[in-house]
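Please read the points below alongside the coordinates.

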Amino acid sequence: MKITAIRKVQHADLMAEYENPIEHTCDVCEGQSWISIGGECPEGLCPEAWKTMREFVAALARGEGNFYDGWMKNPYSAMISCNDGFRPVSFYIETIEEMRGERITLRPWRDSDARSLYKYASNLEVGPRAGWAPHQSEAESLKIIQTVFNNPTTWAIVCNKTGEAIGAMGYGPSCNCSLPAREGEPTVGYWVGRPYWGMGICTEALALMIEHIRTATNIKSLISGHFTDNPASGRVMKNAASHPPERRLLMKTSIWEAKNR
């Protein structure tokens with residue numbers, strides 16, 4: 001989670017009337033920011049300010065949001081003030097939305113991605129390999145963006161060279177597919193458009209997401225599976241699991257032997 005000091009106010013009249021002189025006052029500056037790893041207090045952040053925001057940071061780190069039924073325009077964020085009544089600081093807390101790699105960027109899906117999503121998700125070779133039906137129209141793709149993809153843990157895989165959304169990467173609650181997931185262990189899912197197969201795009205995207213999870217959430221392990229006739233998906237998982245120990249999560253893989261697969 002990213003925490004940014006947005007506004008600092010000093011109530012000089014209240015300080016003059018009610019506050020005893022103090023040697024050290026708040027040294028937070030507007031625009032100053034911190035990164036919370038795993039929902040923990042960042043180094044250098046005022047401990048008193050942390051007390052007021054830690055529950056919100058922890059909730060966002062768990063993938064929760066939409067506090068107070070639509071309070072924030074960005075439902076996966078919060079605006080919290082510290083508890084100093086004389087010189088309050090307002091902090092904006094947000095999930096880190098973009099992850100940029102050498103060839104691709106992971107970012108939230110946009111309505112404007114509907115055309116490119118339909119372009120790749122309508123291919124008869126793509127969806128069935130991942131367990132979903134090919135898209136039938138651009139309108140259907142838009143609906144998927146606004147529903148299935150409308151959450152803080154699903155990202156568009158965007159080609160840095162063209163700016164086009166070419167696939168999807170994300171994680172969420174374990175699906176009903178007989179994978180041996182631990183309680184609360186997220187399931188990973190991904191796909192990329194047919195023209196980008198065999199280029200290591202999903203491997204790069206998965207590595208970006210795992211690094212984000214490792215540094216910005218308290219998730220310790222993931223699970224994913226693949227159909228027996230889609231071994232390329234399994235190789236993506238094996239590549240992710242082969243990262244150096246200090247830069248990886250526990251990544252369990254499973255072959256999903258569904259009917260006739």
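1. Is Cys 202 buried or exposed? Cys 202 is buried, at a relative accessible area of 10%; buried stands for under 20% relative accessible area, exposed for over 50%, and partly exposed for the range in between (1.4 Å probe, protein chains only). This is a predicted model, in which local features need pLDDT of at least 70 and side-chain atom pairs count only at pLDDT 80 or more, while totals for chains, interfaces and linings use all residues. Residues are numbered from 1 along each chain as its sequence is written, and side-chain values use heavy atoms, leaving out hydrogens and water.

2. The structure holds zero disulfides, a disulfide being a pair of cysteine sulfur atoms within 2.5 Å. For Cys 29, the closest cysteine sulfur is that of Cys 26, at 8.3 Å, which is too far for a bond. Cys 29 counts as partly exposed, at 47% relative accessibility.

3. Val 89 is placed in strand E4 (residues 89-94); strands (E, at least two residues) and helices (H or I, at least four) are DSSP runs numbered from the N terminus. Val 89 counts as buried because its relative accessibility is 1%. Its contacts (heavy atoms within 4.5 Å), not counting residues up to four places away in sequence, include Ala 5, Cys 26, Val 28 and Ile 80. The C-alpha atoms of Val 89 and Val 9 are separated by 6.4 Å, although the two residues are 80 apart along the chain.

4. The salt bridge count is nine, where a salt bridge is a side-chain nitrogen of Lys or Arg within 4 Å of a carboxyl oxygen of Asp or Glu. In the pair Arg 107 and Asp 113, the closest N and O atoms are 2.9 Å apart. Arg 107 is buried at 5%, and Asp 113 is buried at 5%.

5. Lys 119 and Glu 164 form a salt bridge at 3.2 Å, N to O. This pair links distant parts of the chain, 45 residues apart: Lys 119 is in helix H3 (residues 114-121), and Glu 164 is in the loop between strands E7 (154-159) and E8 (165-172). Lys 119 counts as partly exposed at 49%, whereas Glu 164 is buried at 19%.

6. Which residues form a nonpolar patch on the surface? Ile 6, Tyr 68, Trp 71 and Met 79 do, with about 410 Å² of accessible area together. Tyr 68 is in the loop between helix H2 (47-61) and strand E3 (77-81), and counts as exposed at 61%. Patch members have over 30% relative accessible area and no salt bridge, with like charges joined within 9 Å and nonpolar side chains (Val, Leu, Ile, Met, Phe, Trp, Tyr) within 5 Å; areas come from the Shrake-Rupley method with a 1.4 Å probe, and for residues only the protein chains shown count as cover.
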